[in-house]
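Trainee: Could you take one part of this model and go through it with me slowly and in detail? I would like to follow how its residues are placed relative to what surrounds them.

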Amino acid sequence: MEYLIRPAVAQDVPAMLYLIKELAEFEKEPNAVRMDEATLLESGFGDSPLYHCFVAESQDKVIGMALVYFKFSTWNGKALHLEDLVVTHPMRGKGIGEALLKKVVAFGKENNVNRIGWVVLDWNHGAIKFYE
């Protein structure tokens, strides 16, 4: 299967929101998402973006994403937080998540961060194994 990892563009916002909602359902919180397309668009693609997003695309369709933002660590300085890394359910297990994570790491290196962090739910054994 061929796919491309690229920076998200404004036109990807509907697919990004779909993936966010798919992740929320997987995490047993389907009604917790209060995000909307307008906020994603304004917050990520305006003059001062609050986040950066990379998408995985196959056959002109977004099939995964990794959303990150910068933060500051008092011990390490500039840091990057991986908020969500999600691949749509039918496309999991094909190396797409690993490719997205590699892009996040490369982005961190390009931006001279000293640490990249993320949080995984303790019951999500698949994600824990993936990150290990």
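Mentor: In this predicted model, the buried residues of helix H2 pack against helix H1, which spans 13-26. Helix H2 itself covers residues 37-45, and its buried residues are Leu40, Ser43 and Gly44. These residues lie on the same side of H2, because the arc they cover around the axis is only 85°. On the face of H2 that is turned away from this buried side, you will find the exposed residues Ala38 and Glu42.

Leaving aside residues up to four places away in sequence, Ser43 touches Ser48, Pro49, Leu50 and Tyr51.

At the start of H2, a side-chain oxygen of Asp36 comes to within 3.3 Å of the backbone nitrogen of Ala38, and Ala38 is one of the exposed residues on the face turned away from the buried side.

Helix H2 also takes part in a pocket: together with H1, strand S3 (61-73) and strand S4 (77-87), H2 is among the elements that each supply at least two residues to the lining of the second largest pocket. That pocket holds about 330 Å³ of space, and of the 14 residues that line it, Ile20, Met35, Leu67, Glu83 and Asp84 are the closest to its centre.

How values were computed
Residues are numbered from 1 along each chain as its sequence is written. This is a predicted model: local features need pLDDT of at least 70, side-chain atom pairs count only at pLDDT 80 or more; totals for chains, interfaces and linings use all residues. Side-chain values use heavy atoms; hydrogens and water are left out. Buried means under 20% relative accessible area, exposed over 50%, partly exposed in between (1.4 Å probe, protein chains only). Helices (H or I, at least four residues) and strands (E, at least two) are DSSP runs, numbered from the N terminus. The arc is that of the directions from the helix axis to the C-beta atoms. Contact means heavy atoms within 4.5 Å. A polar contact is a pair of N or O atoms within 3.5 Å; within protein, one must be able to donate a hydrogen and the other to accept it, and residues adjacent in sequence count only if both atoms are side-chain atoms. On a 1 Å grid over the protein atoms alone, a cavity is a set of points where a 1.4 Å probe fits but cannot get out, and a pocket is an open set with protein on both sides within 12 Å along at least five of seven lines; lining residues have an atom within 4 Å of a point. Grid points are joined across faces, edges and corners, and a volume is the space filled by probe spheres set on the points.
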